[in-house]
Amino acid sequence: MHKNLKKTVWLFILLTLPVRFYAQKDVTQFLGIPVDGSKSEMIQKLKDKGFTISPNKKDALVGEFNGTDVNVVIVTNNNKVCRIMVSDANTKNKTDIRISFNKLVQQFQNNKKYLPLPESTISKYNIPEDEDISYEISVKSKRYEALFYQKTSDYDSLAIEMSNLYIKEVRNDSDKERLTVITKKMIDDSLKKSVWFMISESYGKYFISIYYDNEYNRANGEGL
């Protein structure tokens, strides 16, 4: 194809593509569903996954997640979904909640969809068997929480490219510049896909809530 004609064809394709196609961001997902769009759209997608509207709260849903009965709450900002909160429907005693929390930490650590965390971080998250959760929360106001990040769609391919650049015996300026770009992209993009969970207390009983956040849709002071 003639060079100028080829450029014209590509320009036509780019101009006729919908804006949403190339403006779409790689956002956090919950059960394969992007944490994005309107609340009504999200409710329907969760229904398609088997969740049902809560009998106690019309804009919340109930169902099973990771082998546990849960309540699901959808949080929006400027009419866009920015968070999915998944909470245990049934409370537990302090021993069972410690076991559940530690198990969840390991599940996230072993899940290839999430960035691997250093063992020192995982050790910090784990609750020792002899720790009195009730005392730590009620007296010391300690927060038991753990933070993970979902990998972006291109994370693994970028990691391979980075590894190949590092093992080169001689790296030129272009290689060094590319390493800087890759590192920044891997970090910056992944920080927008946070998933974290914590233990909450209610009348001496405990439950875990998991938060799937789309940082692109979170409030950043635009309306101040």
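Ala, Val, Leu, Ile, Met, Phe, Trp, Tyr, Cys and Pro are counted here as nonpolar, Asp, Glu, Lys and Arg as charged, and the others, Gly among them, as polar. By these classes, the lining of the second largest pocket comprises 8 nonpolar, 6 polar and 3 charged residues. The model is predicted.

The protein contains 8 helices and 9 strands. Of its 224 residues, 35% are buried. Among contacts between residues at least 6 apart in sequence, 57% join residues at least 24 apart.

Three elements, β1 (29–30), α4 and β9 (205–213), each supply at least two lining residues. The greatest contribution comes from α4, with 3 residues.

Tyr-114 sits in the loop between α4 (94–110) and α5 (119–125). Its relative accessibility is 5%. Buried means under 20% relative accessible area, so Tyr-114 falls in the buried class. Leaving aside residues up to four places away in sequence, Tyr-114 touches Phe-108, Phe-148, Tyr-149, Gln-150, Lys-151, Val-195 and Tyr-212. The contact with Tyr-149 spans 35 residues along the chain, and the two C-alpha atoms are separated by 5.5 Å. With Gln-150, the side chain of Tyr-114 makes a polar contact of 3.2 Å.

Charged pairs were examined next. The structure holds 11 salt bridges. One of them joins Lys-142 to Glu-131, with the closest N and O atoms 3.0 Å apart. Lys-142 lies in the loop between α6 (133–138) and β7 (145–149), whereas Glu-131 lies in the loop between α5 and α6, so the pair ties together parts that are 11 residues apart in sequence. Lys-142 is partly exposed, at a relative accessible area of 35%.

A further salt bridge links Glu-136 and Lys-140, whose closest N and O atoms are 3.8 Å apart. The two ends fall in opposite accessibility classes. Glu-136 is buried, at 14% relative accessibility. Lys-140 is exposed, at a relative accessible area of 52%. The cut-offs explain the assignment: buried requires under 20% and exposed over 50%, so 14% places Glu-136 in the buried class and 52% places Lys-140 in the exposed class.

Lys-185 and Asp-154 form another salt bridge, and their closest N and O atoms are 3.8 Å apart. Lys-185 belongs to helix α8 (residues 173–190) and Asp-154 to the loop between β7 and α7 (155–166), so this pair ties together parts that are 31 residues apart in sequence. Both residues are partly exposed: Lys-185 has a relative accessible area of 35%, and Asp-154 has a relative accessibility of 23%. The pairing also extends to a third residue. Asp-154, Lys-185 and Asp-189 are linked in a network of salt bridges.

Methods. Residues are numbered from 1 along each chain as its sequence is written. This is a predicted model: local features need pLDDT of at least 70, side-chain atom pairs count only at pLDDT 80 or more; totals for chains, interfaces and linings use all residues. Side-chain values use heavy atoms; hydrogens and water are left out. Helices (H or I, at least four residues) and strands (E, at least two) are DSSP runs, numbered from the N terminus. Buried means under 20% relative accessible area, exposed over 50%, partly exposed in between (1.4 Å probe, protein chains only). Contact means heavy atoms within 4.5 Å. A polar contact is a pair of N or O atoms within 3.5 Å; within protein, one must be able to donate a hydrogen and the other to accept it, and residues adjacent in sequence count only if both atoms are side-chain atoms. A salt bridge is a side-chain nitrogen of Lys or Arg within 4 Å of a carboxyl oxygen of Asp or Glu.
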